[in-house]
Amino acid sequence: MNSLTLYFIKNNLAILLFIVICLSCQKPFVITESVALKTPMVKIKQGVRGKILFKEGDFSTSGEMLDNGKIYGVERQIMFYELTNIKDVEIGEEDFVKYVSTEIIDSVTSDKQGSFSKELPEGKYSLFVKEVNRLYSKVGDGDYYFPVTVLKDSCKSIIIEIDYKANYLSGQ
């Protein structure tokens, strides 16, 4: 290689490094379902895969992130219980649960970006997230906590949003 080629390569690497540093300092971006579920994970034949997203700051009532809102993936333990009705728990404050009377089936911990996957047998489950020594979940269809159905030879893709630190503002 001649000195002109080396000079060109060296300058382009410096520019690329500068761009990477600038992008890493940016405000977290809104993670859409299509982006969240394209994260590489362990391949499973049957079970659940997805992403845990933590929301904090201000959002419109339609869920759009406002100036100080943030959404980012987090490392958390996801607990898979037998399908759990609101009657099967002792309710805590907000979306937290103090006690679940149904049987825990399995658990998995997401990676630092919030991605997870778990092989599970066919069945209906309720998902709870361990959040600072408490269980976090939201009631879905039929008064069941985060219901998920695993079918034979299929993998259910989900997004779990933890939003107890988010403010939803009307008129925004």
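User: What should I know about the model before we start?
Analyst: This is a predicted model, in which local features need pLDDT of at least 70, side-chain atom pairs count only at pLDDT 80 or more, and totals for chains, interfaces and linings use all residues. Residues are numbered from 1 along each chain as its sequence is written, and side-chain values use heavy atoms, with hydrogens and water left out.

User: How many aromatic pairs does the structure hold?
Analyst: It holds 8 aromatic pairs. Rings of Phe, Tyr and Trp (its six-membered ring) pair if their centres lie within 6.5 Å; planes under 30 degrees apart count as stacked, over 60 as edge-to-face and the rest as tilted. Phe96 and Tyr164 form an edge-to-face pair, at 5.1 Å centre to centre and 65 degrees between the planes.

User: Which strands hold Phe96 and Tyr164?
Analyst: Phe96 is in strand S5 (residues 96-100) and Tyr164 in strand S11 (residues 155-169), 68 residues apart. Strands (E, at least two residues) are DSSP runs, numbered from the N terminus.

User: Is Tyr164 buried, exposed or partly exposed?
Analyst: Tyr164 is partly exposed, with a relative accessible area of 22%, whereas Phe96 counts as buried at 4%. Buried means under 20% relative accessible area, exposed over 50%, and partly exposed in between (1.4 Å probe, protein chains only).

User: What about Tyr136 and Tyr164?
Analyst: Tyr136 and Tyr164 form a tilted pair, with 5.8 Å centre to centre and 55 degrees between the planes. Tyr136 lies in strand S9 (residues 134-136) and Tyr164 in strand S11, so this pair ties together parts 28 residues apart in sequence. Phe54, Tyr72, Phe96, Tyr136 and Tyr164 form one aromatic cluster.

User: Which charged end sits over the ring of Phe96?
Analyst: That of Arg134, 3.6 Å from the ring centre. A charge sits over a ring if NZ of Lys or CZ of Arg is within 6 Å of the ring centre and within 35 degrees of the ring normal.

User: Changing topic, which residues touch the most other members of the largest nonpolar core?
Analyst: Of its 19 residues, these are Val48, Ile52, Ile78, Phe80, Phe116, Leu127 and Ile160. A nonpolar core is a set of buried Ala, Val, Leu, Ile, Met, Phe, Trp, Tyr and Cys residues joined through side-chain atoms within 4.5 Å. A second, separate core of 8 residues includes Met79, Tyr81, Leu135 and Tyr145.

Methods. Helices (H or I, at least four residues) and strands (E, at least two) are DSSP runs, numbered from the N terminus.
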